[in-house]
Amino acid sequence: MAMAFKMAVTGMRVTEECKNSFMEMKWKKVHRYIVFKIDEGSKRLTVDKVGGAGEGYDDLAASLPKDDCRYAVFDFDFVTVDNCRKSKIFFIAWAPTASRIRAKMLYATSKDGLRRALDGIHYELQATDPTEMGFDIIKDRVLK
């Protein structure tokens, strides 16, 4: 059984798989994004989907369910006005309007524990529908 780190408020556990996938994205650049899911039965936060290095933001947005909550991290690569390649990691708390109240509460109370476990996040977005997390919003956050 993988070691897990307990989130203080809800008793939710962040699995080693979550932390390892994040480190692979951050340091090795093998993933463009990771979607995390809370398994209510086991009280564990697990990896729901991983997007390969060749995938983009639209692939991430398409992978989020229309009626259930998720967390996601996205590695946004860009070039500065000085022609320097940079990367910033976004944390997205996805809680669509159609999701259950219980799920929204569980994800809201577990978010900070996951954020602490994933060191190196630069920006955070909270979204209830796709317009609140459009690619233009990501770009605007970084390029301001």
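Ile-92 touches Tyr-57, Leu-60, Arg-70, Tyr-71, Ala-72, Leu-125 and Met-133, leaving aside residues up to four places away in sequence; contact here means heavy atoms within 4.5 Å. This is a predicted model, so to speak of local features we need pLDDT of at least 70, and side-chain atom pairs count only at pLDDT 80 or more, while totals for chains, interfaces and linings use all residues. Residues are numbered from 1 along each chain as its sequence is written, and side-chain values use heavy atoms, with hydrogens and water left out.

Back to Ile-92, then. Its relative accessibility is 0%, so Ile-92 counts as buried (buried is under 20% relative accessible area, exposed over 50%, partly exposed in between, with a 1.4 Å probe and protein chains only). Ile-92 belongs to strand S6; helices (H or I, at least four residues) and strands (E, at least two) are DSSP runs numbered from the N terminus. Gly-113 is 21 residues from Ile-92 in sequence and 14 Å away in space, C-alpha to C-alpha.

**Around strand S6**

On one side, S6 runs antiparallel to strand S5 (residues 70-79), with 10 bridges joining the two; strands pair if DSSP finds at least two bridges between them. Arg-70 stands opposite Trp-94 in S6. The S5 and S6 hairpin has 5 residues between its strands, and Asn-83 there takes a positive phi near 65 degrees.

S6 also pairs with S7, this time in the parallel sense over 5 bridges, and Ile-92 stands opposite Leu-125 in S7. To get from S6 to S7 the chain passes through helix H3 (residues 101-117), making a right-handed β-α-β crossover. Right-handed means that, with the strands pointing away from the viewer, the path from the first strand over the helix to the second runs clockwise.

**Rings**

The structure has 8 aromatic pairs. Rings of Phe, Tyr and Trp (its six-membered ring) pair if their centres lie within 6.5 Å; planes under 30 degrees apart are stacked, over 60 edge-to-face, and the rest tilted. Here are two of the pairs.

| Pair | Type | Centre to centre | Between planes |
|---|---|---|---|
| Tyr-57 and Phe-135 | tilted | 5.5 Å | 45 degrees |
| Phe-90 and Tyr-123 | stacked | 4.9 Å | 20 degrees |

Tyr-57 sits in helix H2 (residues 57-63) and Phe-135 in helix H4 (residues 135-143), so their pair ties together parts 78 residues apart in sequence. Tyr-57 is buried at 5% relative accessibility, whereas Phe-135 is partly exposed at 33%. Phe-90 is buried at 0% relative accessibility, and Tyr-123 is partly exposed at 22%.

**His-31**

His-31 lies in strand S3 (residues 31-39) and is buried, with a relative accessible area of 13%. Its side chain makes a polar contact of 2.9 Å with the side chain of Glu-24. Such a contact is a pair of N or O atoms within 3.5 Å; within protein, one must be able to donate a hydrogen and the other to accept it, and residues adjacent in sequence count only if both atoms are side-chain atoms. Not counting residues up to four places away in sequence, His-31 touches Ser-21, Glu-24, Met-25, Val-50, Gly-51, Gly-52 and Ala-53.
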